[in-house]
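Subject: The structure we talked about

Hi there,

Here is the structure I promised to pass on.

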Amino acid sequence: MSTNKSVKESDWQLFRERVPEWRERYLENVNDEIARIFTSREPTPTEIFWEAKERMDEEAQILVDCLDGHSRSNMRMHLLLMYRHGLIEEADLEEFSDELRERILLMAKEFGH
């Protein structure tokens, strides 16, 4: 996924600035979904517990994949992962350079997003 072209400084700065905002927005939605699991009355308390745990484990792995180890050289990969997992949307990419945005969207399309 890396190219010979370096990531623009403006894209790198924007990425570093936006990641905490994207994380909080994503987790707000995830937390709401997990809360709904806990307030469900259909399954047994044991089933509710294990369903919530499974969901939290899945989300924890997504967060590790998307948010750990950011560097300028792997920023494109992290943006693609964030986009594919729903941490960011196409509108979030609008602030980045045309070249970077188009590259992320093209890669996402190639990987079936």
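Predicted model: local features only at pLDDT ≥ 70, side-chain atom pairs only at ≥ 80, totals over all residues.

Residues are numbered from 1 along each chain as its sequence is written, and side-chain values use heavy atoms, with hydrogens and water left out.

**Helix α2**

Let's start with one helix by itself. Helices here are DSSP runs (H or I, at least four residues), numbered from the N terminus. Helix α2 covers residues 45-67, which is 23 residues. From its first C-alpha to its last it reaches 32 Å, close to the 33 Å expected at 1.5 Å a residue (the expected span is 1.5 Å times one less than the number of residues).

Which residues of α2 are buried? They are Ile48, Ala52, Glu59, Ile62, Leu63, Cys66 and Leu67. Buried means under 20% relative accessible area, exposed means over 50%, and partly exposed is in between, using a 1.4 Å probe and protein chains only. What covers these buried residues includes α1 and α3. After α2 comes Gly69, with a positive phi near 75 degrees.

**Helix α3 and its partners**

The buried residues of α3 are Met75, Arg76, His78, Leu79, Leu80, Met82 and Tyr83. They pack against α1, α2, α4 and α5 (98-110). Just after α3, Gly86 has a positive phi of about 85 degrees.

Two packed helices are described by the angle between their axes and the distance between the axes. Axes are lines fitted to C-alpha atoms, for helices over the stretch in contact, and angles run from 0 to 180 degrees between N-to-C directions. Angles under 35 degrees count as roughly parallel, over 145 as roughly antiparallel, 65 to 115 as roughly perpendicular, and the rest as oblique. Contact means heavy atoms within 4.5 Å.

Take α1 first. The axes of α1 (residues 9-38) and α3 (residues 75-85) come within 12 Å and cross at roughly 30 degrees, which means α1 is roughly parallel to α3. Their crossing is left-handed (the near helix is turned anticlockwise from the far one by less than a right angle; clockwise would be right-handed). On the α1 side the contact is made by Asp11, Trp12, Phe15, Val19, Trp22 and Tyr26, and on the α3 side by Met75, His78, Leu79, Met82 and His85. By class, these residues divide into eight nonpolar, two polar and one charged. In this scheme Ala, Val, Leu, Ile, Met, Phe, Trp, Tyr, Cys and Pro are nonpolar, Asp, Glu, Lys and Arg are charged, and the others, Gly among them, are polar.

Next comes α2, which packs with α3 at an angle of about 150 degrees, with the axes 8 Å apart. That makes the pair roughly antiparallel. Ile62, Asp65, Cys66 and Leu67 of α2 make this contact with His78, Leu81, Met82 and His85 of α3. The classes here are five nonpolar, two polar and one charged.

Then there is α5. Its axis and that of α3 come within 10 Å and cross at roughly 55 degrees, so α3 is oblique to α5. This crossing is right-handed. Met75, Arg76, Leu79, Leu80 and Tyr83 in α3 meet Leu100, Arg103, Ile104, Leu105, Met107 and Ala108 in α5. The contact has nine nonpolar, no polar and two charged residues.

Ile88 sits in the loop between α3 and α4 (90-93). Is Ile88 buried or exposed? At 1% relative accessibility, Ile88 counts as buried. Not counting residues up to four places away in sequence, Ile88 touches Trp22, Arg25, Leu79, Met82, Tyr83 and Leu93. Ile88 and Val19 are 69 residues apart in sequence, and their C-alpha atoms are 9.4 Å apart in space.

Asp92 lies in helix α4 and is buried, with a relative accessible area of 11%. Leaving aside neighbours within four places in sequence, Asp92 is in contact with Trp22 and Arg25.

Phe111 belongs to the segment after α5 and, at 45% relative accessibility, counts as partly exposed. With neighbours within four places in sequence left aside, Phe111 is in contact with Leu80 and Arg84.

Enjoy exploring!

Best wishes

Terms used:
Helix = DSSP H or I, 4+ residues; strand = E, 2+ residues; numbered from the N terminus.
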